[in-house]
Amino acid sequence: MRKIWNVLTATTMVAAACGFAGAAAAADNKEVQMLHWWTSGGEAAALNVIKEALAKQGYTWKDVPVAGGGGEAAMTTLKAMVAAGNPPTASQILGYFALDYADAGKLGDVTPLAVKGDWAKVIPTALQKFTTTNGKWDAVPINIHSVNWIWLNKAVMDKIGGTEPKNFDEFLALLDKAKAAGVIPLALGGQPWQEATMFDSVVMSTGGPEFYKKAFIDLDESALKSDTMKKSFDNLAKLRGYVDPNFAGRDWNLATAMVVKGDALAQVMGDWAKGEFKVANKEPGKDYLCYRFPGTDGTVIYNTDMFAFFNVSADRKDAQNALAAASMDPAVQSAFNVIKGSVPARIDVSDAAFDMCGKKGIADVKAANAKGTFLGSMAQNYAQPPAIGSGAYHDVVTKFFHGQIKTSDQAVAELDKAINAAM
Ligand code: GAL
C-alpha cells in the first residue's frame, strides 16, 4: 500500500465514520452518491448533464461536493470515507490517485460494460493506464483537459494592440504591453496547485516535449538538475512579475473572472477556465481568446477527470453501472464537455457541437496522441504519484513562487531532493 493510507489519522477516520454512516445507511439501489470538487459555476453546470442523464433513468443524485480547485481537499475527504468503509458510488479522481486505490484493492469493476461498449477502442491508450488495473476497468474518463492554455480578454487585447504570442519572449512582451496600459497582465490564484499547473506549461515551453518527458515522466536526474530546469524556474520568476499584489490564496475561478471582466489580460490555466467564460455567456473569438501556452503548440499536457468506482455492496452496483454507462455515452460526453471546457475522452465523439477552442482542443489531442507529445501533467498527478506531484512538486514550486526559495539553483536542488525523498 502506498503513502496515501499512511497519512490518515485515527481521528479523521472516526470522524468520517460518524459523518458518513447516515449517507451509506440511507443509500438504496437507485441512488448515485458522487464525490467531486466541481463547485464553480462552469463545473456545476457541466455536472448537471450527468445528473440529468441519470435522473431520466430514475436514479437519484446524492451530491458530495468538496470545494477546492485541483481536488486536494476532495481527496482528503475521499480517503476518510474509504477508510471508514463508506465509499461513495464513485468519486472524481486524478491519475495516480486512482492507481493507489486500485493497488489497495478498494476499487470495483465495470469491465462487462467496457467490453460491451468496446471502450478500449475509443479511449486513448495513455488514459487506459489510469482507468484499468490488469485489464479490469475500475474507472471511466469523462473528459480530457489540458493545462497548457492561456485565456485572454479580447477587448483588452484590442485595446493594447496585442497579437498571439508564439514563444515565451513574445508572451512577456504582450504582458508588458498590458502593464504599460495599466491593466493587470496576469490573473493568478496563488495556491500551490495553480502555480504548479502553470509551471507545467513553463517547463514544456522552456525545454520542449522531450525534456518534459525526461524530467517529469522518466524522473531523469540529469534533466531535473539541468540548466534547462533552472531556466524554467527563471522563466517562472519572470511571470511572477506580472501578477497583482492580491494573488495569494485566490481561487482559480476568481482569477478567471478577472479576465472575463477585463480586469486582467490573461490567465494561464487548464481548459476548465473555459467553462467559466461559457457560463458567463462569453464567446471565443468575440469576447475572449484561447491560445496554447506560448512555445507549447503541438503538445498537450493532459489531465483527465475520471470517475473511480469503489467496492460497494451488491444493492449499489446497479447505480454504479448506470453512472459508468451514462458517463461513457457519446451524447453525454459531447454535452458535458461543451460546457466543461474540456474535450471528450472518447476519440469517436464528433466536434460538431464544440466552439472554436473546443474544436482546436479535440484536434490537438488527436495530433499530440499520434506524435507522442500527449503527456501527463505533473501538477495534476498524471506524470507521477501524488507524493511527487501534489507533494514534492507543488511544495517546491510554491515556495519558489512566494520567495521562500530564492534562486533557480536552489529550486532545482530542492526539487531533486524532495522528489528523491518522496520516492
Ligand atoms: C482539475 C480538474 C478539473 C477542474 C479543476 C479546477 O484538477 O481536472 O475538472 O475541476 O481541477 O477545479
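Predicted model: local features only at pLDDT ≥ 70, side-chain atom pairs only at ≥ 80, totals over all residues.

Colleague: What about Trp 252, how far is its side chain from a ligand oxygen?

Modeller: An N or O atom in the Trp 252 side chain sits 3.4 Å from an oxygen atom of the ligand. With Gly 70 the backbone is involved: one of its N or O atoms is 3.3 Å from a ligand oxygen.

Colleague: How much of the ligand does the protein bury?

Modeller: 100% of the 300 Å² that the ligand exposes when taken alone. The space the ligand takes up is also the largest cavity.

Colleague: Which residues come nearest to the ligand?

Modeller: There are 15 residues around the ligand, and the nearest are Glu 43, Asn 303, Asp 305, Lys 340 and Gln 380.

Colleague: Back to His 145. What does it stand opposite?

Modeller: Asn 303, in strand E12. Two bridges join E7 to E12 (residues 300-303), and the two strands run antiparallel.

Colleague: What's the strand order in that sheet?

Modeller: The order is E7-E12-E14, an open sheet of three strands with mixed pairing. E7 (145-146) and E14 (374-376) are the edge strands, each pairing on one side only.

Colleague: Switching topic: how do E1 and E2 run, parallel or antiparallel?

Modeller: Parallel, with six bridges joining E1 (residues 31-36) to E2 (residues 60-65). Among the residues there, His 36 stands opposite Pro 65 of E2.

Colleague: And which helix does the chain go through from E1 to E2?

Modeller: Helix H2, residues 41-56.

Technical notes:
Residues numbered from 1 in each chain as written. Heavy atoms only, no water. Pairing = 2+ DSSP bridges. Helix = DSSP H or I, 4+ residues; strand = E, 2+ residues; numbered from the N terminus. Right-handed = clockwise from strand over helix to strand, strands pointing away. Near = heavy atom within 4 Å. Polar contact = N/O pair within 3.5 Å; in protein donor to acceptor, adjacent residues only side chain to side chain. Areas by Shrake-Rupley, 256 points an atom, 1.4 Å probe, with all protein chains shown as cover. 1 Å grid on protein atoms, 1.4 Å probe; cavity = no way out; pocket = protein on both sides within 12 Å on 5 of 7 lines; lining within 4 Å. Sits in = over half its atoms within 2 Å of the grid points.
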